Amino acid sequence: MLSDFTIRQVEDEAVLQTVKYLDRRVFAEIFPDPEEAAYWYSFRRDHIPGVDELDNGSYVLGVFQPDGEICGFLWILHDEITESRSLAHILQIYVEARYRGLGIATTLIDRYLDT
């Protein structure tokens with residue numbers, strides 16, 4: 001089943017906007033109260049580069065269905081310590097509900113670690 005999906009780095013602005021939307025939607029899944037979701041989204045996101053700020057350390061791996069639609073992603077923020085060392089912070093890992101339990105999240109992390 002995993003062979004039906006494609007995993008690749010996301011750099012396309014339209015896809016990054018979809019990732020940004022999905023990232024916000026995760027907070028709505030976790031916090032059913034819209035005000036609470038908005039608070040925590042703001043608390044966790046306002047002080048960091050956005051998912052679409054690739055020049056500021058954001059790195060996104062997307063999982064794509066055979067029709068090309070994104071159905072999951074891994075968002076990592078890199079902090080450069082020295083020219084040859086950096087820290088990677090996992091900010092979000094998301095898989096659409098209908099694809100959960102297939103090992104996609106693990107595959108995303110493994111693929112990232114292989115880069």
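Mentor: Two strands pair if DSSP finds at least two bridges between them. This is a predicted model, where local features need pLDDT of at least 70, side-chain atom pairs count only at pLDDT 80 or more, and totals for chains, interfaces and linings use all residues. Residues are numbered from 1 along each chain as its sequence is written, and side-chain values use heavy atoms, leaving out hydrogens and water.

Trainee: What makes E1 and E4 edge strands?

Mentor: The open sheet runs E1-E2-E3-E4, with antiparallel pairing. Strands E1 (6-9) and E4 (85-95) each pair on one side only. Neighbouring strands are turned by 20° against each other on average, direction ignored, using axes fitted to C-alpha atoms and angles from 0 to 180 degrees between N-to-C directions.

Trainee: Which strands does helix H1 touch?

Mentor: Helix H1 (residues 13-30) packs on the sheet and touches E2 (58-64), E3 and E4; contact means heavy atoms within 4.5 Å. The direction of H1 makes about 100° with that of E3.

Trainee: What makes a set of residues a nonpolar core?

Mentor: Buried Ala, Val, Leu, Ile, Met, Phe, Trp, Tyr and Cys residues (under 20% relative accessible area, 1.4 Å probe, protein chains only), joined through side-chain atoms within 4.5 Å. The largest has 15 residues; Val10, Val19, Val60, Ile70, Phe73 and Trp75 have the most contacts inside it. H1 gives the most, five residues. Apart from this core lies another of 13 residues, among them Phe5, Cys71, Ile76 and Tyr99.

Definitions and conventions. Helix = DSSP H or I, 4+ residues; strand = E, 2+ residues; numbered from the N terminus. Buried < 20%, exposed > 50% of the residue type's maximum accessible area, 1.4 Å probe, protein only.
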